[in-house]
Amino acid sequence: MADIAQAAGVSKNAVSLALRHDDRISAPTRERIVKIAADLGYRKNPVMSHLMAELRRSQGIEFKRTLGLLNGYPHSAEIHDHPTLAAWLAGCRHRAAQQGYGMDEFWLYDKGMRPERLDSILSARGIRGIILVGTFRQRHMPEKWSPIWETRSCVLTGVRTESPRFSYSCVDHHALIVEAVNRVVALGYRRPGLVVDKSVDLLVDGRFSAGFAYAQRQLPPSDRVPWLSDQEKAWEDPGVVDRWLEKHRPDVILTLHINVRRWLEERGYRVPRDMGLVLLERRLDAEGWAAMDQHNDEAGEAAVDIMIRGLQNGEVGVPAHPRAILITATWMMGNTVLDRRAVPTGS
């Protein structure tokens with residue numbers, strides 16, 4: 001570090017900041033110092049980098065830099081009111097604070113918000129990193145917003161985009177379904193059924209349905225229940241549900257929709273005595289249910305980790321090779337399933 005500082009004619013602190021691509025050092029000076037470091041054969045010491053990061057963290061939170069959080073949902077409150085989105089947001093803010101970053105939130109649908117205005121605000125505040133939440137339904141960012149990420153590092157939390165393709169973090173939906181099926185089979189259920197709308201499955205690249213099909217391979221072909229995928233039609237036509245239940249006779253249902261319990265009770269099924277029920281995402285309004293905890297707050301934290309790594313490496317624009325971090329969901333036993341190994345069928 002001292003050799004680089006001497007060759008560049010700057011302090012060791014300036015070298016340290018430049019090698020972390022900190023914007024407190026001007027871009028031309030950063031580039032010059034990075035080039036001198038490369039010429040001198042400098043390589044990061046991962047142990048020392050870890051120790052310095054822990055030291056900065058132990059000194060307490062002092063926000064010297066800021067990240068931007070872009071809310072891309074049509075209704076600004078959705079990001080705070082929806083339990084999944086609120087968990088992502090909380091995770092983003094928590095990890096950003098741990099690393100000494102503040103976070104400013106911007107709503108893309110705010111009246112008068114235009115790409116040029118947002119770009120100007122971000123530049124004035126020195127915001128070089130963006131966390132994007134809000135592509136859950138569209139998966140495409142309008143081209144008009146491209147100036148925002150052309151000169152910044154942008155990371156998604158939740159689901160990935162088709163265009164542009166950013167790095168992202170989310171729950172591992174495929175592994176989630178496999179784990180849920182394995183858990184109910186271990187409890188003695190034989191015919192698990194999946195009730196997830198195809199529109200939701202499409203948003204996650206078919207990982208729900210693919211995981212379900214993969215998990216069913218452990219079952220005898222006669223016990224493999226087809227996926228009930230047309231949720232919207234099922235709401236409108238109760239016969240869809242009736243025919244599916246009567247024809248395929250699932251003994252436990254995996255779903256994202258708490259209204260499935262009402263479906264079953266209206267048809268005389270008692271949960272869990274007659275039919276098991278598992279939520280594929282833990283919800284506060286379904287306390288006590290068997291569920292998969294998706295740990296969406298950790299997905300938010302992981303997005304910030306990707307972001308900070310990109311900033312430290314000077315990565316801006318749409319990445320040539322986007323990174324993905326998948327969070328493992330965990331099983332939560334609840335009162336909507338039984339251990340059927342210990343309870344005789346029909347008792």
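Predicted model: local features only at pLDDT ≥ 70, side-chain atom pairs only at ≥ 80, totals over all residues.
## The overall picture

The protein has 347 residues, and 48% of them count as buried. Its secondary structure comes to 15 helices and eleven strands.

The largest nonpolar core has 27 residues, and the members that touch the most others are Phe208 and Leu280. Four elements each put in at least two residues: helix H9 (173-186), helix H11 (207-215), strand S7 (252-255) and strand S9 (290-293). The top contributor is H9, with six residues.

What does Leu280 touch, leaving aside residues up to four places away in sequence? Its contacts include Leu176, Ile177 and Ala180, along with Leu194, Val196 and Phe208. Leu254, Thr255, Leu256, Met292 and Gln294 are also touched by Leu280.

## The five-stranded sheet

Now for the sheet. It is open, built from five strands in the order S6-S7-S8-S9-S11, with mixed pairing. Strand S6 (192-195) and strand S11 (330-332) sit at the edges; each has a single partner strand, so one side of each lacks a neighbour in the sheet. On average, neighbouring strands here are turned by 25° against each other, direction ignored.

Going strand by strand, S6 and S7 run parallel and share four bridges, with Leu194 partnered by Leu254 in S7. S7 also pairs in the parallel sense with strand S8 (residues 276-279), again over four bridges, and here Ile253 stands opposite Leu277 of S8. S9 and S11 are antiparallel, joined by three bridges; in this stretch Ala291 has Met332 of S11 as its bridge partner.

Which way do its side chains point? Val252 and Leu254 go one way while Ile253 and Thr255 go the other, and all are buried.

How many aromatic pairs does a search of the whole structure find? Two. One is Trp107 with Tyr109, a tilted arrangement at 6.5 Å centre to centre with 45° between the planes. Trp107 has a relative accessibility of 24%, so it counts as partly exposed. Tyr109 is partly exposed as well, because its relative accessible area is 42%.

The other pair is Trp149 with Phe166, edge-to-face at 5.2 Å centre to centre and 75° between the planes. This pair ties together distant parts of the chain, 17 residues apart: Trp149 belongs to helix H8 (residues 146-150), and Phe166 to the loop between strand S4 (153-157) and strand S5 (167-171).

Ser169 sits in strand S5. Its relative accessibility is 0%, so Ser169 counts as buried. Leaving out residues up to four places away in sequence, Ser169 touches Leu156, Thr157 and Gly158, plus Ala299, Ala302, Ala303 and Ile325.

One runs from Ser163 to Pro164, with omega near -15°, and Pro164 is in the loop between S4 and S5. Another joins Val271 and Pro272, with omega about 5°; Pro272 is in the loop between helix H14 (259-266) and S8.

Positive phi angles turn up at non-glycine positions too. Asp205 has phi of about 60° and is found in the loop between helix H10 (198-203) and H11. Asp205 is partly exposed, at 33% relative accessibility. Arg249 has a positive phi of about 50°, and its place is the loop between helix H13 (238-248) and S7.

Notes:
Residues numbered from 1 in each chain as written. Heavy atoms only, no water. Core = buried A, V, L, I, M, F, W, Y, C linked by side-chain atoms within 4.5 Å. Buried < 20%, exposed > 50% of the residue type's maximum accessible area, 1.4 Å probe, protein only. Contact = heavy atoms within 4.5 Å. Phe/Tyr/Trp six-rings, centres within 6.5 Å; stacked < 30°, edge-to-face > 60°. Pairing = 2+ DSSP bridges. Axes fitted to C-alpha atoms, helices over the stretch in contact; angles between N-to-C directions.
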